[in-house]
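Here is a short report on one chain.

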Amino acid sequence: MPESSPAPRHPLSEGWGRALVFGYGLFAVAATGRSAVQLGTDFGRAPLAYSLSLLAALLYLVATGCLLAGGVRGWRIAAVAVVVEFAGVLGVGFLSYLATDLFPDKTVWSHFGQGYGFVPLALPILGLAWLRHTRPERVRPPQV
């Protein structure tokens, strides 16, 4: 029989989760605003970089919403969003040093979030730690 998953051990937006929700919400607004302005005013200058900033904004929005919603489904979707975010900040961080022509302007993930005080690098690490702390426990149904 498949294992079922009860609610996470701790609500996702309580305790340290509140600070995480605040951080993700703040970065959702900041990344959305900056990427919208960059895409709207100067798309041709760095289309890849600006599009990746919009992707970052969307991931921040998803993570914020799922942390607030909680539950097993919220936990799972938040985990996927944070893993993709972490891969993005690492990939774009390295690429922005190797292919500087693709990243002529600072974006949320370029140079590992240097323009944002490296918070974009720290945020997914903190997010993954919190998700690990709050992960749902596996409960096996009784054997008959």
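## Burial and overall fold

A residue counts as buried when its relative accessible area is under 20%, and as exposed when that area is over 50%. The model is predicted. Of the 144 residues in the chain, 40% count as buried. The accessible surface comes to about 8000 Å². Carbon and sulfur atoms hold 68% of that surface.

The chain has four helices and zero strands. Along the sequence the pattern reads α-α-α-α. Among contacts with a separation of 6 or more, 73% are between residues 24 or more positions apart.

## The nonpolar core

How many residues make up the largest nonpolar core? This core has 32 residues. Those with the most contacts inside the core are Tyr24, Tyr60, Leu67, Val108, Trp109 and Leu131. H1, H2, H3 and H4 each supply at least two residues of the core. H2 gives the most, with ten residues.

Leaving aside neighbours within four places in sequence, Val108 is in contact with Phe27, Ala31, Ser53, Ala56, Tyr60, Gly113, Tyr116 and Pro120.

Ala56 is found in helix H2. Its relative accessible area is 0%, so Ala56 is buried. Not counting residues up to four places away in sequence, Ala56 touches Val108 and Trp109. The C-alpha atoms of Ala56 and Thr32 are separated by 8.3 Å. These two residues are 24 residues apart along the chain.

Ser53 also lies in helix H2. Is Ser53 buried or exposed? Ser53 is buried, because its relative accessible area of 4% falls under the 20% cut-off. With residues up to four places away in sequence left out, Ser53 touches Ala31, Ser35, Gln38, Thr107 and Val108. Val108 is therefore a contact of Ser53 as well as of Ala56, where contact means heavy atoms within 4.5 Å.

## Aromatic residues

The structure holds five aromatic pairs. One of them joins Tyr24 and Tyr60. Their ring centres are 5.8 Å apart, with 55° between the planes. The pair is tilted, because only planes over 60 degrees apart count as edge-to-face and those under 30 as stacked.

Which helices does this pair link? Tyr24 lies in helix H1, residues 16–42, and Tyr60 in helix H2, residues 47–69. The pair therefore ties together parts that are 36 residues apart in sequence. Tyr24 and Tyr60 are both buried. Tyr24, Phe27, Tyr60 and Tyr116 form one aromatic cluster.

Leu48, Leu90, Phe94, Leu95, Tyr97, Leu98 and Leu102 make a nonpolar surface patch of about 660 Å². Helix H3, residues 71–98, gives the largest share, five residues.

Where does Leu102 lie? Leu102 is in the loop between H3 and helix H4, which spans 119–133. Its relative accessible area is 33%, so Leu102 counts as partly exposed.

Key
Residues numbered from 1 in each chain as written. Predicted model: local features only at pLDDT ≥ 70, side-chain atom pairs only at ≥ 80, totals over all residues. Heavy atoms only, no water. Phe/Tyr/Trp six-rings, centres within 6.5 Å; stacked < 30°, edge-to-face > 60°. Buried < 20%, exposed > 50% of the residue type's maximum accessible area, 1.4 Å probe, protein only. Areas by Shrake-Rupley, 256 points an atom, 1.4 Å probe, with all protein chains shown as cover. Patch = residues over 30% accessible without salt bridge, like charges linked within 9 Å, V, L, I, M, F, W, Y side chains within 5 Å. Salt bridge = Lys/Arg side-chain N within 4 Å of Asp/Glu carboxyl O. Core = buried A, V, L, I, M, F, W, Y, C linked by side-chain atoms within 4.5 Å.
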